[in-house]
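Thanks for coming. I will go through one model, a helix at a time, and then the chain contact. Please have the structure open.

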Amino acid sequence: MKETWANILQTRMAVYKEPAPEGLWEGIEAGLAATAITASAAVASKALVHAKHLTHLKWFLVAPVATAAVVTAIVVGYKALFNKPMTPIPPKAPVEMVEQPKADTIQQVVPVQQPAPAETVVVKEPVQVQKSKEDVSQPEPKKEPVKEPEVDNSGETAKQWSDYLVQYDGHNVRKTFSVSAFIGGLPGSAKDPLFENTKYHHKIPLHFGIMLRCDFGNTFGLSTGAVYSILASDISSGTSESGINGKQRLYFIGVPLNVNLNIYRTKTVLVYTSTGVMAEKCFDGQIKRNILYKGQAIGTDIENLDVKPLYWSVNAAAGIRYNLTSNFGFFAEPGVGYHFDNKADVKSVYTDMQLEFNLSLGLVYKFPSR
Amino acid sequence: MGLFGNGIEKHLVERARTGERTAVRKLYERYVEQLTAVCCRYIPDANDVKDVLQIGFVKIFNSLDKFEDKGEGSLQAWMTRIIVNEALKFLRGAKKSGSVSYMADPPDIQEDNTDDDDGFSQVPREVIMKMIRALPEGYRTVFNLYVFEDRSHKEIAELLGITENTSASQLHRAKAILAKQIREFRKENKR
């Protein structure tokens, strides 16, 4: 039978607390991760190898299909919307380019609005006119066939830069395929809200893409494709004595849809802007943690990440393309993107540094115009 | 029950069983200070306390499937048992290395009659804790097991590999040391 004094003491000390030793939680985290490894390392690593290949394969099949669907939608939409203006233009068609003799080298581009037939869409057409203020609305202006600025090379030396400003040409459609590789982003760091002591250092995101661009006339184009992205981050928690360090990698496949506006064009150079949206799916991701205990790495833990929500972003870029031949060239596209918060639990540069500056470099192949 | 009701505690345990780290962290935060106090009663060195707690908590969170909820307080009791077992394991290891001894024939100490003494209730808990931690290793372990874990001398003897008589004798002397210290403390604080 326990004595009275022992019961009194037990009761008195039942609510007594001592502060937790510093670094205890980090040590426990490391210990939990280490025991998880011993329990599941063999099975997990086998499953990981198989699952990873299958997942990547699946997404590489899905991405081109999605891209093809978007391209088809664009083409069908284009035909539906622009079919009538694309039909051959009658001799008295209101849309035409008027090029005046180059007697006066100072030229300006002014819109000319012609009376339109009942079934024709009214468009503003830039023309080059002499500075003599010739009345462009006179009934019988001097007419010449439609010309593209880049085709005419003979008088290039005599032209001003403004001659190469891109002019709208509603019935001349170029289709251009481009293959591009992107690199961009800024490194940064942030704290994980779930594990307050886990620090993330995000590396520059890498993007690789294949883009299909369809130009509708000289000015306007749409582009879409498939973009493969890798987001890597260094993670660390605890101390170098007792804690965790490692890497997180997320793999994305994205489908962008961009509107391109050509600003300036010569035979060799094209300057344009690009704005659009992109939806990205994280199809694979892992965190690899090295468990440190008493300063020694005692094991490695690989956790697969499953991110359900899509990532959406809006993007804008200014690009310059240099044509090496009539069909082949390269381009540079500095740009900026804003990534919307998709409320995913997994942290990345997309969630922590939503504004991304990037520079895209790539090669472009232009299919011959029909 | 502290900040959480028993229902929330059950919910936390269920989530922690699936490996959800936030739930594990919350359970840790809920009990770490009580369990640190338990561990400190057995082990005086701060670094050793941390090591034992770390091993104990890892065992707790890896064994949550084995925990049977028997009502309010059962989770804390179960966790305390694991921490005490780890502390004893540590002390057994220390005993093998020669740093802990359970003296079969402890030195004679003048005893006080403290059976119904309420002196403990007039001494701050921190001071009592300090006194317990200052007990000789062997005395302290027996004292803790008997007073706080409700172990009988027979169980203590089996756990520590000593005889029942040694256990009883060490408890008796631990109590005598504490009574003396409490008396001195009260005398000093009356001045």
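Let me start with helix H6 of chain B, where the buried residues are Gly138(B), Tyr139(B), Arg140(B), Thr141(B), Val142(B), Phe143(B), Asn144(B), Leu145(B), Tyr146(B) and Val147(B). Buried here means 20 or more other C-beta atoms within 10 Å of the residue's own, exposed means 12 or fewer, and partly exposed is in between, with C-beta atoms placed from the backbone. That makes ten of the eleven residues of H6(B) buried, so the helix is mostly covered. Helices are DSSP runs of H or I with at least four residues, strands are runs of E with at least two, and both are numbered from the N terminus.

A word on the source: this is a predicted model, in which local features need pLDDT of at least 70, side-chain atom pairs count only at pLDDT 80 or more, and totals for chains, interfaces and linings use all residues. Residues are numbered from 1 along each chain as its sequence is written, and chains are lettered from A and ligands numbered from 1 in the order in which they are written.

Next, the neighbour of H6(B). Helix H7 of chain B, residues 153–160, packs with H6(B) at an angle of about 135°, and the axes are 10 Å apart. Axes are lines fitted to C-alpha atoms, for helices over the stretch in contact, with angles from 0 to 180 degrees between N-to-C directions. H6(B) contributes Thr141(B), Val142(B), Leu145(B) and Tyr146(B) to this contact, and H7(B) contributes Ile156(B), Leu159(B) and Leu160(B). Contact means C-beta atoms, placed from the backbone, within 7 Å. Of the residues in this contact, six are nonpolar, one is polar and none is charged. Nonpolar covers Ala, Val, Leu, Ile, Met, Phe, Trp, Tyr, Cys and Pro; charged covers Asp, Glu, Lys and Arg; the others, Gly among them, are polar.

Now Cys40(B), in helix H2 of chain B. Is Cys40(B) buried or exposed? Cys40(B) has 22 other C-beta atoms within 10 Å, so it is buried. Beyond its neighbours within four places in sequence, Cys40(B) touches Val49(B), Met129(B), Arg133(B) and, from the other chain, Glu18(A).

Asp45(B) sits in the loop between H2 and H3 of chain B. With 12 C-beta neighbours inside 10 Å, Asp45(B) counts as exposed.

Last, the chains. Their contact takes 25 residues from chain A and 32 residues from chain B. On the chain B side, 16 are nonpolar, seven polar and nine charged.

Definitions and conventions
Two residues are in contact if their C-beta atoms, placed from the backbone, lie within 7 Å.
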